[in-house]
Amino acid sequence: MAQNPPNLRPDLARAAVPEATRPGQPRIGMVSLGCPKALVDSERILTRLRAEGYAISPDYGGADAVIVNTCGFLDSAKAESLDAIGEALEANGKVIVTGCLGAEADYITGAHPKVLAVTGPHQYEQVLDAVHDAVPPAPDPFIDLLPPAGVKLTPRHYAYLKIAEGCDHKCKFCIIPDMRGRLASRPQHAVLREAEKLVEAGVKEILVISQDTSAYGTDWKGRDEKFPILNLSRDLSTLGAWVRLHYVYPYPHVRDLIPIMADPANGLLPYLDIPFQHAHRDTLKRMARPAAASRTLDEIAAWRRDCPDIILRSTFIVGYPGETEAEFQTLLDWMDEAQLDRVGCFQYENVAGARSNALPDHVPAEVKQDRWERFMEKAQAISEAKLAAKVGTTMQVLVDTVDAEGATCRTMADAPEIDGNLFIDDGFAHLNPGDLVSVTVDEASDYDLWGTLTD
């Protein structure tokens, strides 16, 4: 295969990097797998390489070497990473591996002994050293120019902003703390400066990410404020762009974010991405997560009272070891009460090194599949009813793409890649990606909306 498959790596197909190269300029390809946090790591690596005079190649054949940024969270992700490494080796031959799966170097070299180097997650210097060894830099400071906001693998109008690394939680199904370490928050001034540069470069939406966004800054000793995410959110909300918070752990102080979201003068979107994971007390205890789903419902009610337009997104795991039919039914009942707007669901699978592997009473595959289907049926019905209620309303949307058939947009309720879309089928020819426009909703489906321009 000559090019990285865009259906697997859509970030690469939209990479906002210069295409022209000068004679003799070394070129590096990048395959970025996994979550948005890994995507940010890829952007940082490419930015450093561009600053050293390397060009970015969109295909294997035109690259002097290829970096594969891997995911190692689930066995299925590990398999995809190994496949991507093998594909790059076959097409190019010079491959440097980094990312979460890079923490298991023997696992990678056992499958692919011909890789040039293996480094772990966010080990930027080691990646650069490996690139230097494979393809020596040949910079020309009079020609090589770096984009002001660095190299981005997303469309020009939105960008991910990583505010911290690592996590202090000890969820039994997760090995992220082992791979990425404990919580390490970036200085607030550095985060704000990066956000300002993104907005100056034309970014209309900033997606704030980390492993535990609401814990941002709590690792700082002698800090002036107890919960620095509150001040950071206030400051980000004044920059003139949409600001969307992802991976927000439901601590009590999250309620103090809601008034900021409720103020229409602020850019902090009324959107919370909170990984609840389950609702039954015993299941949550086996996960080593807070087991107070009833109080969570009270919090959700308070959030909606203070910000009626708030959108709640979450992910859940079904078929966790020991999950009984009664526990699963509790989750379905909780969903009826919580009425979450955007929901994802995963079937539990073992991950090498996770403590949950040793738990008794693993759920058979066919039962996990059945529960996943029943859960998604419930989530789909809730989504369909909520979107039907939007018909006839007017809202602001952000244009993502425009082609011959129409414009694909997102509302404030929709994060890129994971939530729904709003489609405009008529009068869209003058629109461009990054435009903010007003539409009236005409039609709704299970997860998407259709609308007509009103301005």
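**Salt bridges across the chain**

Guide: The structure holds 23 salt bridges, each being a side-chain nitrogen of Lys or Arg within 4 Å of a carboxyl oxygen of Asp or Glu. This is a predicted model, in which local features need pLDDT of at least 70 and side-chain atom pairs count only at pLDDT 80 or more, while totals for chains, interfaces and linings use all residues. Residues are numbered from 1 along each chain as its sequence is written, and side-chain values use heavy atoms, leaving out hydrogens and water.

Begin with Arg410 and Glu205, whose side chains meet at 2.6 Å, N to O. Arg410 belongs to strand 15 (residues 407-411) and Glu205 to strand 9, so this pair links distant parts of the chain, 205 residues apart; strands (E, at least two residues) and helices (H or I, at least four) are DSSP runs, numbered from the N terminus. Both Arg410 and Glu205 are buried, meaning under 20% relative accessible area, with exposed over 50% and partly exposed in between (1.4 Å probe, protein chains only).

Next, Lys386 forms a salt bridge with Asp341, their closest N and O atoms being 3.4 Å apart. Because Lys386 lies in helix 13 (residues 365-388) and Asp341 in the loop between helix 12 (325-338) and strand 13 (342-347), the pair ties together parts that are 45 residues apart in sequence. Lys386 is partly exposed, at 24% relative accessible area, whereas Asp341, at 9%, counts as buried.

In a further salt bridge, the side chains of Arg342 and Asp414 meet at 2.7 Å, N to O. Arg342 is in strand 13 and Asp414 in the loop between strand 15 and strand 16 (422-424), 72 residues apart. Arg342 counts as buried at 10% relative accessibility, and Asp414 is buried at 2%.
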